[in-house]
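Please open the structure and follow along.

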Amino acid sequence: MLLKVSCNAAVAAYAGDQIQAQCRVLGQSPTRPNFPRRRRAVVFSSPVAEAPLVQAVVSEGRGSRVESGSGGLADRLRLGSLTEDGLSYKEKFIVRCYEVGINKTATVETIANLLQEVGCNHAQSVGYSTDGFATTTTMRKLHLIWVTARMHIEIYKYPAWSDVVEIETWCQGEGRIGTRRDWILKDCATGQVIGRATSKWVMMNQDTRRFQKVSDDVRAEHLVYGPRELRLAFPEDNNRSLKKISKLEDPAQHSRLGLVPRRADLDMNQHVNNVAYIGWILESLPQEIIDTHELQAITLDYRRECQHDDVVDSLTSLEPIKEYGAVSELRGINGSATATANNQECLNFLHLLRLSRDGLEINRGRTEWRKKPAL
């Protein structure tokens, strides 16, 4: 099946014969005369490359073969490329209808998935990652993988269905045991920065599941593609991405018990994808908060892997605030988040994901919510 692409005819020469071929989207080809000695080609050209790359499916008699330039078809159709200096990567995404939520805007899970996608595409674009895990040659030889240790996302304006978002990402070293990846999100129509994110990653042995220091070989393989000087998505002093997450103490104000990973929650490493934790955290948030507020920042500390047969409890409480050196609870007159939501423009919550069987901590989180804008 051939995919129809609306573009004008391209002319190719073979063995002195001129063959005119028109780019079309893959669908059923119309009936056409059979010329057994003439080779026919369907030509694909990328609309996003500065110098279009061409792939031809050439038919000869009853057989066919593929002739292509460098890179795969996905690389040529993807709306992403390295920046001019080669030290970061930018990619554009259209927000699909299935990526928006009840507010008709992209969900935070959608944003997190796009961050993950552009990070993997960056690693593939520079050529060292071929397995989808952003691992280097040395890491694959030693069965090493990257796992998320911390993620912080801030969203200033949620994109709506059919909006086009441009995401820039880059990676740098983070001490001896890990690396960091940052992102900046922009509205393509206005150029406005609509979000920022940063993350820390550590290296784990895929067989023993133990953490391992980043060797000089691995560091040399991937940091050559990052900025030479420190570049941070959050350069401000004392920004929220640096804030330590306090442990949520029992009893929690809100809970959702007995959450079970679905098969669709597992990633290529055979453990629960880090984006699934965001959904679990939000499950224990009161519906009244979801109705009146929208998430403006989320910080997650990943402390333990979650396997497909684990059962998880999600706990949530309002974050205590400090007033004049003392600690007080941010609550309404009846101590509930619902009453508080009616009187507060912004609310902060602490979250905890733990294993149901033994209470071991899986994930510690903090979220900040702002009042929804008036329609």
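In this predicted model, tyrosine 277 and tryptophan 280 share helix 5 (residues 274–283), where they are three residues apart, about one turn of the helix. Helices here are DSSP runs of H or I with at least four residues, strands are runs of E with at least two, and both are numbered from the N terminus. Residues are numbered from 1 along each chain as its sequence is written. Local features need pLDDT of at least 70, side-chain atom pairs count only at pLDDT 80 or more, totals for chains, interfaces and linings use all residues, and side-chain values use heavy atoms, leaving out hydrogens and water.

Rings of Phe, Tyr and Trp (its six-membered ring) pair if their centres lie within 6.5 Å; planes under 30 degrees apart are stacked, over 60 edge-to-face, and the rest tilted. By this rule there are two aromatic pairs:

| Pair | Centre to centre | Between planes | Type |
|---|---|---|---|
| Tyrosine 277 and tryptophan 280 | 5.7 Å | 85° | edge-to-face |
| Tyrosine 277 and tyrosine 302 | 5.4 Å | 65° | edge-to-face |

Together, Tyr277, Trp280 and Tyr302 make one aromatic cluster.

Tyrosine 277 counts as buried because its relative accessible area is 4%, and tyrosine 302 is buried at 15%. Tryptophan 280 is buried as well.

Definitions and conventions. Buried means under 20% relative accessible area, exposed over 50%, partly exposed in between (1.4 Å probe, protein chains only).
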